[in-house]
Amino acid sequence: MFYIHCPYCGEYREEEEFHPKGEAHIARPADPENCSDDEWGDYLFFRDNPRGIHHELWVHAVGCRKFFNITRNTVSYEILETYKMGEQPTYTAEHPEGRPSAEAETASLREGVRA
Amino acid sequence: MSNTAVETVRTFDTRTEAKIPVESPLTYSYRRSGAPAPTAKSRVVMRERAFLGHLVLCGGAVVLDGAVRAVLGISLPGEPQGLVQDDEGKRSIQWVSPDEWLVIVPGGEEFELENRLRAALGDAHFAISNVSGGQTLVELEGEAAREVLMKSVVYDVHPSHFPVGKGVTTIFAKTTVVLRRPSEERWELVVRRSFADYTYRWLLDAGEEYAIGVER
């Protein structure tokens with residue numbers, strides 16, 4: 001069982017309260033009328049099945065009923081982070097230890113607050 | 001054309017003057033499953049507070065907060081899982097979702113409240129739904145109330161994790177409830193009408209070892 005941190009409720013809840021909704025960050029083609037069948041087919045039907053870090057869309061179905069994203073390791077089942085819709089993940093396949101740029105950004109933010 | 005939202009939204013009072021018999025969602029359950037009266041041995045007591053006014057407010061927190069303060073005199077709980085009551089403890093607002101709140105007021109007040117909120121909100125982007133007929137409120141009170149809940153919900157109801165003034169939507173047995181804690185000894189379950197019988201029978205069964213009594 002997962003113990004999932006809902007970024008909207010701000011606390012950990014049992015997996016029973018959630019539903020997985022597949023891969024996250026799937027961008028709809030900007031101009032559906034003029035995109036190729038391949039592009040549209042990829043968008044509608046084709047999903048990645050990575051070994052390792054995977055970004056997933058979940059919904060807190062019994063609870064706040066908000067959709068959010070989970071970065072999960074499909075090998076160890078470890079949940080690395082949960083983040084709200086519209087936000088970008090810190091942990092990616094390229095940066096399994098966390099994005100350095102994100103740290104730099106927060107560091108510069110912190111400096112900005114200090115200044 | 002000012003106040004277009006107020007003018008275009010059709011509202012109606014769900015409580016009519018007509019002489020139609022009104023039954024609480026648990027009426028059938030009392031008849032079919034019985035209602036053991038509380039005794040000296042009862043460590044937990046259940047009672048339904050039927051026919052309250054339930055409103056769901058959707059919209060931005062800042063906009064709604066202003067209107068709710070002006071109309072109800074209590075502030076909107078901005079923090080997740082927040083539950084705020086007025087001084088009498090009769091009217092409450094609960095955080096349900098970042099843009100959704102549940103308001104429960106004494107029965108009969110909800111239509112006037114809805115209209116006053118609509119007037120106060122004016123052209124703002126919001127939605128108010130009267131869900132009074134769709135759900136009911138069941139109270140559990142007594143020293144064993146928490147133990148009954150521990151058998152029933154997946155959520156951690158330990159006082160350190162569930163202080164007074166908190167409310168969550170969670171799983172109760174095989175259904176869902178809104179679980180709230182308005183005071184130390186009292187827990188409230190907001191139950192869907194269609195699941196009221198199931199919840200009632202589950203509570204009777206779960207509370208049997210604590211000699212659960214039903215106040216009617």
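Modeller: In helix α3 of chain B (residues 61-72), the buried residues are B:Leu64, B:Ala67, B:Val68 and B:Leu72. Buried means that 20 or more other C-beta atoms lie within 10 Å of a residue's own, exposed means 12 or fewer, and partly exposed is in between, with C-beta atoms placed from the backbone.

Biologist: Where do the numbering and the coordinates come from?

Modeller: This is a predicted model, in which local features need pLDDT of at least 70, side-chain atom pairs count only at pLDDT 80 or more, and totals for chains, interfaces and linings use all residues. Residues are numbered from 1 along each chain as its sequence is written, and chains are lettered from A and ligands numbered from 1 in the order in which they are written. Helices (H or I, at least four residues) and strands (E, at least two) are DSSP runs, numbered from the N terminus.

Biologist: What do the buried residues of α3(B) pack against?

Modeller: They pack against β2 (53-59), β4 (92-97), β5 (100-105), α4 (110-121) and β6 (126-130) of chain B. Contact here means C-beta atoms, placed from the backbone, within 7 Å.

Biologist: How do the axes of α3(B) and α4(B) cross?

Modeller: Their axes come within 9 Å and cross at roughly 125°. Axes are lines fitted to C-alpha atoms, for helices over the stretch in contact, and angles run from 0 to 180 degrees between N-to-C directions. That angle makes α3(B) oblique to α4(B); angles under 35 degrees count as roughly parallel, over 145 as roughly antiparallel, 65 to 115 as roughly perpendicular and the rest as oblique.

Biologist: Which residues meet there, in α3(B) and in α4(B)?

Modeller: From α3(B), B:Val63, B:Ala67, B:Ala70 and B:Val71 meet B:Leu113, B:Arg116, B:Leu117, B:Ala120 and B:Leu121 of α4(B). By class, this contact has eight nonpolar, no polar and one charged residues. Ala, Val, Leu, Ile, Met, Phe, Trp, Tyr, Cys and Pro count as nonpolar, Asp, Glu, Lys and Arg as charged, and the others, Gly among them, as polar.

Biologist: What follows just after α3(B)?

Modeller: B:Gly73, which takes a positive phi of about 80°.

Biologist: Which residues other than glycine have a positive phi?

Modeller: Among them are A:His25, with phi near 60°, and B:Ala173, with phi near 50°. A:His25 lies in the loop between β3 (19-23) and α1 (37-45) of chain A and is exposed, with 10 other C-beta atoms within 10 Å. B:Ala173 lies in the loop between β8 (166-172) and β9 (175-181) of chain B, and is partly exposed, with 18 other C-beta atoms within 10 Å.

Biologist: Turning to B:His54, is that residue buried or exposed?

Modeller: B:His54 is buried, with 21 other C-beta atoms within 10 Å. The residue is found in strand β2 of chain B. Not counting residues up to four places away in sequence, B:His54 touches B:Leu102, B:Ile104, B:Val131, B:Ser132 and B:Gln135.

Biologist: How many residues does each chain give to the contact between chains?

Modeller: Chain B gives ten residues and chain A eleven. On the side of chain B, the largest share, three residues, comes from β8(B).

Conventions:
Contact = placed C-beta atoms within 7 Å.
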